[in-house]
Amino acid sequence: MRYGGVEGVKRRRLVVEESSTSTVSNSSNVIETVSEREAPAGETSVFDLDLLDCTICTEPLAAPIYQCENGHVACASCSKLTKNVCPSCKQPTGSIRCLALEKLIESLKVKCKYYSLGCSEMVKFSDKCYHERICSWEPLACPFPECSFQGQYNFFQEHVKLRHGDNWAPLVPETDVSFFMKPTDRYYMLFDKGIYFMVHRRKSSLGDMCYLSLPKVLSACYGTGTSFHYKMEIKTVSNVDGATLSSFKVDAHCCNEDSKASSIPKDGFLIVPEDRSVEVSVLFLPPRLSPKFGNSSLRWGDP
Ligand SMILES: [Zn+2]
Ligand SMILES: [Zn+2]
Ligand SMILES: [Zn+2]
Ligand SMILES: [Zn+2]
Ligand SMILES: [Zn+2]
């Protein structure tokens with residue numbers, strides 16, 4: 001194994017492998033390159049992926065890439081920001097493309113940083129950041145407060161069933177789902193394959209405010225601002241014999257949270273007395289929605 005720059009590998013068509021010893025906690029950005037024509041045990045080269053970052057803004061380089069007459073490279077936006085003058089040597093950068101580097105980057109495929117956790121996708125270098133934002137193998141923090149669990153999207157249902165006692169129910173589209181919340185229950189999770197909703201019951205000056213949200217960490221594949229139409233009815237029940245005392249209804253949309261889970265909705269909530277147990281019924285209505293990205297076979301609402 002030898003170490004070299006990009007030049008050290010330019011004559012070979014390469015399959016790029018991340019070092020097999022790398023883990024998520026290993027922040028090393030070094031990748032190992034192996035020629036397709038050689039056995040994996042043959043000659044390999046290693047170079048640092050940081051070499052493919054713009055030296056000015058440190059973002060990963062992407063076409064078009066410009067260079068000055070002395071060979072300093074800059075990404076398109078930095079080239080524009082510096083008014084096409086190389087910050088290193090003051091030579092013009094605007095018109096000289098660095099096609100070799102563009103081709104290298106275009107052909108470069110790398111493993112996702114969650115490879116060691118199970119993601120087997122080889123992604124284009126230029127798509128790496130985007131993929132890792134929506135990768136279903138990213139460890140996510142459980143949205144229940146005071147729960148320190150971190151796990152992959154695909155395993156969250158198992159976690160919620162195991163650890164969150166009675167504070168969850170399976171969801172069926174276009175079918176009423178009903179459950180009880182005690183005055184002390186602040187969160188209740190509803191889920192179906194690939195989708196999670198959180199029912200909140202939080203204190204406010206008027207009483208307890210009840211509403212639904214899509215927990216941000218578990219709904220990234222639906223894109224910010226995606227909304228789901230639902231009807232919710234809340235009946236307050238006697239703490240003594242469970243008899244219905246009063247009923248509140250709301251017809252609303254619940255949005256993918258675009259900020260912290262603590263954000264309070266401006267509408268679509270119900271206020272219930274803070275000392276009452278409640279029976280909540282939720283009904284989700286069409287239209288059915290597909291995620292904007294991520295697992296495209298996932299379409300909540302399909303039978
Ligand atoms: Zn830049
Ligand atoms: Zn220069
Ligand atoms: Zn030429
Ligand atoms: Zn991935
Ligand atoms: Zn949890």
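Modeller: A contact here means heavy atoms within 4.5 Å. The model is a predicted one.

Leave aside the neighbours within four places in sequence. Asp 208 is then in contact with Pro 183, Arg 186, Arg 201, Arg 202, Lys 203, Leu 270, Ile 271, Val 272 and Glu 274. Is Asp 208 buried or exposed? Its relative accessible area is 0%. Buried means under 20%, so Asp 208 counts as buried.

Asp 208 lies in β15 (residues 207-213), while Arg 186 is in the loop between β12 (177-181) and β13 (187-192), so the bridge ties together parts 22 residues apart in sequence. Arg 186 has 22% relative accessibility, so it counts as partly exposed. The other partner is Arg 201, and this salt bridge has an N to O distance of 2.7 Å. The side chains of Asp 208 and Arg 201 also make a polar contact of 2.7 Å. Arg 201 is buried, like Asp 208. Shared partners link Arg 186, Arg 201 and Asp 208 into one salt-bridge network. In general, side chains of opposite charge can pair when their charged atoms come close.

The structure holds eight salt bridges. Another of them, for comparison, joins Glu 132 to Lys 128, with the closest N and O atoms 3.0 Å apart. Both of those residues belong to helix α3 (residues 128-134) and sit four residues apart, about one turn of the helix. Glu 132 and Lys 128 are both buried.

Now step out to the sheet that holds β15. Which strands make up this open sheet? There are five, in the order β11-β13-β14-β15-β18, and the pairing is mixed. β11 (168-170) and β18 (270-272) stand at the edges with a single partner strand each, so one side of each has no neighbour in the sheet. On average, neighbouring strands are turned by 20° against each other, direction ignored.

β11 pairs with β13 in the parallel sense over three bridges. Pro 170 has Phe 191 of β13 as its bridge partner. Helix α4 (residues 156-163) packs on this sheet, where it touches β11, β13 and β14 (195-204). The direction of α4 makes about 140° with that of β13.

Next, the nonpolar packing. The largest nonpolar core has 26 residues, and Leu 190, Phe 197, Leu 212, Met 232 and Val 282 touch the most other members. Strands that each supply at least two residues include β13, β14, β15 and β18, along with β16 (227-237), β17 (244-255) and β19 (277-284). A second core is separate and has 18 residues, among them Leu 52, Leu 61, Ile 105 and Val 123. Nonpolar side chains in soluble globular proteins tend to be buried together.

His 229 stands opposite His 253 of β17. Six residues lie between the strands of this hairpin, and Gly 242 there takes a positive phi near 75°. β16 also pairs with β19, again antiparallel, over eight bridges. In that pairing Met 232 stands opposite Val 282. Both of these residues were named above for the core members they touch.

Last, some backbone checks away from this region. Most residues other than glycine have a negative phi, and most peptide bonds are trans. Lys 90 has a positive phi near 65°. It lies in the loop between α1 (76-81) and α2 (99-107). Its relative accessibility is 60%, so Lys 90 counts as exposed. Glu 146 also has a positive phi, near 65°. Its place is the loop between β9 (140-141) and β10 (150-151). At 87% relative accessibility, Glu 146 is exposed too. A cis peptide bond joins Ala 63 and Pro 64, with omega about -5°. Pro 64 is in the loop between β4 (44-48) and β5 (65-67).

Terms used: Residues numbered from 1 in each chain as written. Chains lettered and ligands numbered in written order. Predicted model: local features only at pLDDT ≥ 70, side-chain atom pairs only at ≥ 80, totals over all residues. Heavy atoms only, no water. Salt bridge = Lys/Arg side-chain N within 4 Å of Asp/Glu carboxyl O. Buried < 20%, exposed > 50% of the residue type's maximum accessible area, 1.4 Å probe, protein only. Pairing = 2+ DSSP bridges. Axes fitted to C-alpha atoms, helices over the stretch in contact; angles between N-to-C directions. Core = buried A, V, L, I, M, F, W, Y, C linked by side-chain atoms within 4.5 Å. Polar contact = N/O pair within 3.5 Å; in protein donor to acceptor, adjacent residues only side chain to side chain.
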